[in-house]
Amino acid sequence: MTDLMRAWKLRNAVVASLELVIDEVDERLRGASHVELIEFVDSFSPARASGPEWVLTFDRLVEQLWGSLAAADVAELEREYRQRGPIWAAVANSFLPERGNTLREARWRPHGARRAAVVLR
Amino acid sequence: MTIESPAAPDRAIDQLRELVVAADYPGATGHFLGLLKQGYQPERLMGAAINVTAPFVQAPSHIMLKADGSARGVNYDHTILAWRGSARLAHALPKQTSMLPLAQAMWYTPQGLDVWSQIHCEFPGHYARDQEKCGDREEHRVAKGNRFDQPAWRGPKVHFQDQRPILGGAVDERLHQMIEAVMEGDRVQSYGLFLGLAAEPEARERLKEAVLFAGIIDIQETVIQRGGYQNIGHKALRARALVDLADQLGWENAHDVFYTVVPDLGCTPRFYELWSMTTVMMPQEFKSGWSGLKQLNTSLLTEREIDELIDTVVWSAPGDVTALITRLLRGGRSLLSIADGIIIAYMRYVIDVLEHPAAFFTPGHSFDYCNVVNHWLRTYDNPHQAKALYFEALFVNDLIRANQLFPRDPAAEIEPPRRYKAHAESLSPDEILIALNAACTTQEPALAMALVDEYLVRTGERVNLIATLAQVGATIQNDPHIARLCMSSIEEYRCNSTSRKDDILRGWTKYLARAIRRSQDTGCFQLYKREFGIETSAP
């Protein structure tokens, strides 16, 4: 096997693993209670986050939440963070229906692709 | 102890002093402009303003202990930054508005006195009025207006007395003692030594280098979750202001600039974590050759290395940044080439990532800090200069990471500039500049970015573009950061060795068109236009 072939094989193996991870997160999000979701989203706040690397993935979480949860569940999240005041506005705004629409419209599935494209980070 | 300035008595200048100390910023600016029209030299008026404010811009500390035992930060004096920025910005502007930055500095100065008392709601100014919102507090409410706007009901306090020069001894020895005193926080000693050295013309070039060095090495490792325990580069910014203003006013006339800047270099808190880290690390990495890297390393960054520097500074952890700077130095890349690459990394962050208007302010300090470091690298020699590349890159990276700690707000999203591409393409270069001025003034970032992109692609002309951006900056009031941004952008653009120096103009444009403004009011500009009877395209 050439170096190029080995690199491409490695790439495909990672893709398969990544798809499994995304499915796993999707399952967990669907199965989470409202309280569990709130606790999870809270972990992206400056005071609780393990660091910028964790918070930087918040946009990716929002994308996945809009893909995994029912609109009513996302609306509950929006209510929770809106009532916490302006300091949480960025989080609350991520759960507005307009944001969900924007993300849905931005989803891109290249011709012939097995799944829609995923932004990693 | 008060040390008198030797200026000749002049009633008009005395009036200016009275208006400044009374925090009457519109009155002081009107009077200032009137004197300019009468033919007073800008340097004389600037010197008079700095003379009257010098005793009132010190702070006992930049950390204040609150009643509950917790600590908060105390803002650094910005009046001297306003004077330095405005004096230099004047050169980039057309003749009719060339005095506007000075007017802006005058407008700001009476609002920036005795910051310590302002924080206690005991003196008016923009910190008391806008930051602490003293006027909103029950005990300070008045029937009409805000008593923390102006005028003052008492004089500003003196928190550090002027000192006598310490004379005698070898220059080398005194420079060393001065740096040591700054690092130990002995303000009386460091300031006295500085004054003694400043009186000796043959010592001045080395003194300038040393005071920049003292400011540059005092930089925090991180601002993340540190509250007031940081200086976001202000020690270096002040040192640069001293060097520029002393040269402009003449060292014999610059005592009040020294009084404004030097004692504060030793003020609490002081941060030497990065200095310590590089002092340990560099001999490990480069053996005894670390101090000769400036002379030894001569090659430029490759395009791929610039890409890597951008990606690492903007998106990676501090350890990765340190490792990359070390690798580039080991690869023979010149100090200035790496420094120029760091500037481009900062600019790509502004251009590609920043969205929220409030998120520009703190990272902007790291750009101005880099400008001070780069000036020091370009102008002087010091065996420790390679260490400053780590300070620059880690400081920029840290402020980016500090922003990254807050989830992105989709409500602050900026529309893609490409939506305005066709419109920009339909304009002539002159029309683009007029539209760019308007888009920056009204803060339409996507339009402004499309316009500047089109201009940069269409023409190699840059002088008028720089004048346009400088003109926008000059109309923004109550904020010395803007004059500083303009000046740093112009200097870095002129000196940057990379193929991507136009990114500095893009980043400058986006900052003007998007960053939150302390004031939307243009009272100072209106006053300037009335006084000088001019009309411009800006509001």
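Two residues are in contact if their C-beta atoms, placed from the backbone, lie within 7 Å. On that basis, among contacts in chain A between residues at least 6 apart in sequence, 50% join residues at least 24 apart. In chain B, residues 24 or more positions apart account for 76% of the contacts with a separation of 6 or more. The model described here is predicted.

Chain A is helical. Its secondary structure comes to seven helices and zero strands. From the N terminus on, the order of elements is α-α-α-α-α-α-α. The C-alpha trace of chain A spans about 60 × 30 × 25 Å along its principal axes. Of the 121 residues in chain A, 17% are buried. Confidence in chain A can be stated by chain and by element. The mean pLDDT of chain A is 96, and 100% of its residues reach 70 or more. Among the elements of chain A, helix α5 (residues 71-82) has the highest mean pLDDT, 98. Helix α7 (residues 97-106) of chain A has the lowest, 95.

Chain B has 26 helices and two strands. Its C-alpha trace spans about 65 × 60 × 50 Å along the principal axes. The radius of gyration of chain B is 23 Å. A compact globule of 539 residues would have a value near 24 Å, so the two agree. Buried residues make up 52% of the 539 residues in chain B.

The two chains touch. Nine residues of chain B are in contact with 14 residues of chain A. The side of chain B that touches chain A has five nonpolar, one polar and three charged residues.

Several backbone features of chain B fall in loops. Two of them are cis peptide bonds. One joins Q150(B) and P151(B), with omega about -5°. P151(B) lies in the loop between α7 (126-131) and α8 (171-184) of chain B. Another cis peptide bond joins T268(B) and P269(B), and here omega is about -5°. P269(B) sits in the loop between α12 (255-265) and α13 (273-286) of chain B.

Positive phi values occur as well. D114(B) is a residue other than glycine, yet its phi is near 45°. D114(B) belongs to the loop between α5 (100-108) and α6 (115-119) of chain B. A residue is buried if 20 or more other C-beta atoms lie within 10 Å of its own, and exposed if 12 or fewer do. D114(B) has 30 C-beta neighbours inside 10 Å, so D114(B) counts as buried. Q225(B) is not a glycine either, and its phi is positive, at about 55°. Q225(B) is found in the loop between α10 (204-216) and α11 (234-249) of chain B. With 11 other C-beta atoms within 10 Å, Q225(B) is exposed.

The loop between α5 and α6 of chain B also holds L113(B). L113(B) has 26 other C-beta atoms within 10 Å and is therefore buried. Not counting residues up to four places away in sequence, L113(B) touches A23(B), T53(B), F56(B), V57(B), F123(B), G125(B) and P156(B). L113(B) and E491(B) are 378 residues apart in sequence. Their C-alpha atoms are 29 Å apart in space.

Two helices of chain B complete the description. Helix α11(B) has 16 residues and reaches 22 Å from its first C-alpha to its last. This is close to the 22 Å expected at 1.5 Å a residue. Helix α11(B) is mostly covered, with 14 of its 16 residues buried. Just after α11(B) comes G250(B), whose phi is positive, at about 95°.

Helix α2 (residues 25-38) of chain B contains H31(B). H31(B) has 20 C-beta neighbours inside 10 Å, and so counts as buried. Beyond residues up to four places away in sequence, H31(B) touches Q15(B), L16(B) and L19(B). H31(B) and E305(B) are 274 residues apart in sequence and, C-alpha to C-alpha, 53 Å apart in space.

Note on methods
Residues are numbered from 1 along each chain as its sequence is written. Chains are lettered from A and ligands numbered from 1 in the order in which they are written. This is a predicted model: local features need pLDDT of at least 70, side-chain atom pairs count only at pLDDT 80 or more; totals for chains, interfaces and linings use all residues. pLDDT is the predictor's confidence in each residue, from 0 to 100. Helices (H or I, at least four residues) and strands (E, at least two) are DSSP runs, numbered from the N terminus. Ala, Val, Leu, Ile, Met, Phe, Trp, Tyr, Cys and Pro count as nonpolar, Asp, Glu, Lys and Arg as charged, and the others, Gly among them, as polar. The radius of gyration is taken over C-alpha atoms; the globule rule is 2.2 Å times the number of residues to the power 0.38. The expected span of a helix is 1.5 Å times one less than its number of residues.
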